Amino acid sequence: MPSFGSVSEERRHRKQRLAAGFRLFSRFGFDEGVAGHITARDPELTDHFWVNPLGMHFSQIRVRDLLLVNDRGEVVEGNWPVNTAAFVIHSAVHAARPDVVSAAHSHSTYGRAFSALGRALDPITQDACAFHGDHALFDDYTGVVLDVEEGKRIAHALGEHKAAILRNHGLLTVGHSVDEAVWWFITMERTCQVQLLAEAAGPTTKIDPEMAALTATQVGNHVAGWYSFQPLFDRIVAEQPDLLEE
Ligand SMILES: [Zn+2]
């Protein structure tokens, strides 16, 4: 994992990862109109975060387009508006979890479908074990998240976990790096898809709790999450180098 000689170097790194995260979200079809946001905490102004401009397609976001938002929801760098729901959810998560560098949320199809079931994921595959004992269900829905109190309730439900299923809404993931938060989102979305497919075909066999817990430590740790993102970053930068424009 990288280390940095200065905050400006670390900031640039986080912004590059963030822009790449949006391109990957687009590539995987995690867009629905203007819904969805990924944030990266600023390494210096730690109550500020970088986020996508409201209304700019994920596939067109470059490093230079990212907005810096303060703890009051004001855009202090950039010329586009910020999504109110992005501020409300992510500011609460970043405030409640000092360990979290990045949080990701979008209205991806399978995460949304699974969220309608109002239940947690089962450890039915090796990959699903990344979420075993490490995701929460926000078992409520009260409309579009525009109230800071609702953001706090989501952050409270997330607790110390890496992810939450927001009932009737979609998925939320967090990480100690942008790399990790984006990877958990991608693999959680696919985990929802796999469980929906498997349950549609018939009864599933769950990995026993002891093995699921062991596997969680293997595939669900911070380094594994960071590492899994690296080939995706390399691929998207090779395909769409303009994402790095500053
Ligand atoms: Zn949403």
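**Exercise 1.** Determine what share of the contacts in the protein chain between residues at least 6 apart in sequence join residues at least 24 apart.

*Solution.* Begin with the criterion, which is that a contact has heavy atoms within 4.5 Å. Then keep the pairs at least 6 apart in sequence; of these, 70% join residues at least 24 apart. The model is predicted, so local features need pLDDT of at least 70 and side-chain atom pairs count only at pLDDT 80 or more, while totals for chains, interfaces and linings use all residues. Residues are numbered from 1 along each chain as its sequence is written, and side-chain values use heavy atoms, with hydrogens and water left out.

**Exercise 2.** Compare the radius of gyration of the protein chain with that of a compact globule of 246 residues.

*Solution.* The rule for a globule, applied to C-alpha atoms, is 2.2 Å times the number of residues to the power 0.38. Along the principal axes, the C-alpha atoms fill a box of roughly 50 × 40 × 30 Å.

**Exercise 3.** Identify the donors of the zinc ion and state whether His105 and His169 are buried or exposed.

*Solution.* Taking donors as N, O and S atoms within 2.8 Å of the metal (3.2 Å for Na, K and Ca), with water not among the atoms, so that sites may look incomplete, one finds NE2 of His105, His107 and His169 at 2.0 to 2.1 Å. Their spacing along the chain is H-x1-H-x61-H. With buried meaning under 20% relative accessible area, exposed over 50% and partly exposed in between (1.4 Å probe, protein chains only), His105 is buried at 1%, and His169 is also buried, at 14%.
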